[in-house]
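Colleague: I am new to reading models of this kind, and I would like to go through one slowly with you. Could we look at it together?

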Amino acid sequence: MSQSPWNEGEGEGGTGDGERTPPSAQPPRRGPRRPAGPLVPTLLVLVVLAALVSTLAGFWTDLLWYRSVGFSSVFTTRLLTQLLLFVIGLVVAGGLVWGSLQAAYRTRPFYIPSTPAQQTLEQYRSAIEPLRRVAMIAIPLFLGALAAFTLAGNWKPYLLWRNGGSFGVRDPQFGKDAGFYVFTLPWIQLVIGFLTMVLIMALLAGVFVHYVYGGLQLPGRGPTTRAAFVQLGVLGAGLFLVRGAAYWFGRYAETSADGGIITGITYTAAHAVLPTKAILAVASVICALLFLSAIWTRTWRLPLVAVGLLTVLSIVVGGIYPSVIQSLKVKPSEKSLESLYIQRNIDATRAAYGLTSVQTQVYSARTDVAAGQLHQDAETIPGIRIMDPNVISSSFRQSQAPRSFYTFPDTLDVDRYTIGAKSQDAVVSVRELTLDGLPPGQRNWVNDHTVYTHGYGFVAAYGNQRTSKGDPVYFQQGFTTVGPDGKDYQPRIYFGESSPQYSIVGGPANGTKREFDYPAGGTGQINNTYAGDGGVAIGSFLRRAAYAVHYREPKFLLSDAINSQSRLLDHRTPTERVERVAPWLTVDGNVYPAVVDGRVVWVVDGYTTTSHYPNSDKVNLADATSDSVTETSSTVTTALGGQVNYIRNSVKATVDAYDGSVHLYAWDASDPILKAWSRAFGNTVQPASDISADLMQHVRYPQDLLKVQRGELARYHVTDAASFYGGGDFWEVPKDPTHATQDQPTYFQSLAMPGQKEPSFSLTTTFVPNGGTREILRGFLAADGDAGSTAGKPASGYGALRLLELPSAPVVNGPGQVENQIENSTAASSSQSENLNLSQFIAQSRQSGKQLTFGNLLTLPVGGGLLYVQPLFVQQSKEAGSFPQNVATIAVFGNTVGWGDTLGQALDGVFGGNSGVGTGSGSTPPTTGGGTTPPTTKPPTTGSNAALAAAIAKIQTAYDKGQAALKAGDFAAYGVAQKELQAAILEAEKAVPAGAGASPTATGTPTATATG
């Protein structure tokens, strides 16, 4: 062996440049090396053991959690599927790489001619040899594990492939059912990608070993062995066969590719891309055959030429040719050539987003006003909501959170409750606990995790009422166990949007009560011990040790706050719990609480989605569901799911706020994707027939779904291909006038669309021209969100999409223009106590440290036109303790603006002093004491009677009892008084003669009935 040129000229005392280093400059001689001590190996062993223990603890605690909610099959199914895919990936990838390394080494030539190149490689062989045996095992294991983890991470496509079915819809290009594209094609493409990666690794491993050990020679440097030709030829052939399959199945993937003007197959794709992909597939097969031919020809010339030609072909035929067709043939006649494909896209998109049954009508809205114009809308007007859930959260906190550690979300929710036999829109929330509200001196592990464990109480206010000071009027408040329906309910909130990371609860029935339950007068408090079945029992030492490792907290083992009956509550937010038990769902960004069958439950909407539905338009879920609320709220978020082109609200889920139990209900049982996941996870989804009547009353139309649908309907309300191509009638969602850079949110409100006999709880949105210089209203969309009150059966009208298309004349102003009208209006107030006009009032409300907030700008189709209603809130200062109050309500119809203290005054101001209808949004006396208002009654116009007088006396007595109990901090007595009050109010309602005036309102807490 010749000396390496890298070491040439070096010797003892040499410097590498031929000169000898003086003895004085030589480094001192070192003594014999000491053997390595046990410290490093011990540390490595400890690190490995710690990682293993942490992994096992995480695995066990996850299993315990899934068992606690009754979804252990989800955990085991996912785990076993991932384990199966990991083993397959490891065996296939690791096996191929190992086999390639072994075959190349075992077939190495015994004699290698001595050449300068081989002398250099000999040094590499000498360096590799001590590590060769280990490397032959370690490299395949490492590369196999990488590939296996990639495959295991794609367990969802595998399960969909195994359990998928038919959509019953065939794509017009290939005639295949949509199920092939949604369930089968993604898995095929994943397998092709996996095999491509594995074959490349195996090929590179074989090339490296053959080259280093002399079996593979560069041209002109010696012969390549037959074994090298066989091994590399077979691997190369396999690689190009797989690439051929990728080209072939890539043809089907064009049905969901971005085609520029539309998603899916276009004229260029059908006449250029699809044929070229077929040609490239055939060319890849030819390349594979030429690689195999190298076994007999003993030359790489033909395979290398084939690879070069395939590369050129893919560039010319796969890229340049379609571009030429698009530029020279399609562009000049694009409207006619693309007409067929645009129509396919329209039909597929409307089907994929649930828009095929939109009920569209042309609505010629009037803009003139006349006295009594709203008399035909007597059912809709009283329910108009003037309490904005995005504004009054601080009002809830100020009046309903007596301690700093209680909180309400910055965005409240809108629901409806039956009060006095009538369904009313309400702004609702729950009083949650936040550890951030505790004083720093009280923050410690015991307080954070064993004392302050839960919130308390459901709070609800009328959507259409205000006090005389502009505050919400509550019909459910305080620390009572009586719900809004007058029945007992469980008010404790152990699972909510602001719950601590984990809490340790429970104990002996006669033991010390550690948990803070609710305040009791002044600085007193009532404690409680959790008695539910939620969470994981951690009485045993092993479980406590597992959680101590999982949460890196030794106090699990040391604290006396944990006993044999303790339970650990974790993963407590409703969204997280649903996502864990149904990892295949995309969850709505806004969950809401409701009192259902005596419990507070969180209602969560779940979606099944895909991005592979053929020819349907793709949207980004985060972008489509973003609006002014999601940009400013910490509790309402955008939906996370990436690109989709199919969506269904297939699941309604509930999470019990007390025990954390999760229920999934199949809301759209016909959805093929839901059917596939139900088969995969052992029917963990209950049928919709299991939904109780009480829960059915609180089902809403999902906000994120309507946001996605309105984004698509803005273009796809145009169903004619020629008109769609022109785009002249495209719409867009208007910007929120109060947040000019963000889309206007969707609004829940009860209204009757033209043609409907009575109002229904709906989710609404508006449209304006796309890119127009003037924002005029072009469309109004309402989704019927009233599911009825029949157990297990949604109302027939639920989910109906009703679209009003407004012609270009007469012009109806859009939200932006209406807001401008309001800002500059000189209209006088209908309130006799206000002397300023509207613009002056607005200017004054922005001065002297005040904060002016415009509430939600609601749009309603009433009076033969479109009515806008907007509440105005003023916060007297920005300091702590100040909160916004509804100081005025503004109404706009056409070009006429009216305003006043109440909605009734605003409407009368618009319609010549008489709108023709009473409202339910008048002022009530401000709340006092515990936040309640003494009940009042309006004497019957037909005369009173003894039964009514007796009932009124009972109301007053029950109310006085309740107030006395509140002042004393006796919430048990307060609950009893509330029951007596409820019974008395119902008794009074029955005693009111037919045709009499307003009767007392049946509420969870007494309030006055507001009249117009």
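What follows is a conversation about confidence, strands, helices and backbone angles.

Modeller: Before we start, note that this is a predicted model, in which local features need pLDDT of at least 70 and side-chain atom pairs count only at pLDDT 80 or more, while totals for chains, interfaces and linings use all residues. Residues are numbered from 1 along each chain as its sequence is written, and side-chain values use heavy atoms, with hydrogens and water left out.

Colleague: What is the mean pLDDT of the protein chain?

Modeller: pLDDT is the predictor's confidence in each residue, from 0 to 100. In the protein chain, 89% of the residues reach 70 or more, and the mean is 88.

Colleague: Over which residues does pLDDT stay under 50, with 20 contacts beyond four places in sequence?

Modeller: A contact means heavy atoms within 4.5 Å. Where pLDDT is low, the predicted coordinates should not be read in detail. The stretch with those 20 contacts, where pLDDT stays under 50, is residues 1-27.

Colleague: How many residues of strand β28 are buried?

Modeller: Strands (E, at least two residues) and helices (H or I, at least four) are DSSP runs, numbered from the N terminus. Buried means under 20% relative accessible area, exposed over 50% and partly exposed in between, with a 1.4 Å probe and protein chains only. In β28, G779, L781 and A783 point one way while F780, A782 and D784 point the other way, and all are buried. For β28, which spans residues 779-784, the count is therefore six of six.

Colleague: Which residue of β29 stands opposite A783?

Modeller: Two strands pair if DSSP finds at least two bridges between them. Strand β27 (residues 760-769) is joined to β28 by six bridges and runs antiparallel to β28, with F767 opposite G779. Strand β29 (residues 801-805) also pairs with β28 in the antiparallel sense, over five bridges. In that pairing, the residue opposite A783 is L801.

Colleague: Why are the buried residues of helix α24 on the same side?

Modeller: In α24 (residues 903-910), the buried residues are L903, G904, A906, L907 and V910. The arc is taken from the directions from the helix axis to the C-beta atoms. These residues lie on the same side of α24 because they cover an arc of only 160 degrees.

Colleague: At what angle do helices α1 and α13 pack?

Modeller: Axes are lines fitted to C-alpha atoms, for helices over the stretch in contact, and angles run from 0 to 180 degrees between N-to-C directions. Among the residues that make the contact are W60 of α1 and Y547 of α13. The axes of α1 (residues 39-68) and α13 (residues 541-550) are 9 Å apart, and the angle is about 115 degrees.

Colleague: Is H571 buried or exposed?

Modeller: H571 lies in the loop between β14 (567-570) and α15 (574-581), and its phi is near 50 degrees, a positive value in a residue other than glycine. Most residues other than glycine have a negative phi, and most peptide bonds are trans. With a relative accessible area of 16%, H571 is buried.

Colleague: Which peptide bond is cis, with omega near 0 degrees?

Modeller: The proline concerned, P810, has its place in the loop between β29 and α22 (815-824). The cis bond runs from A809 to P810.
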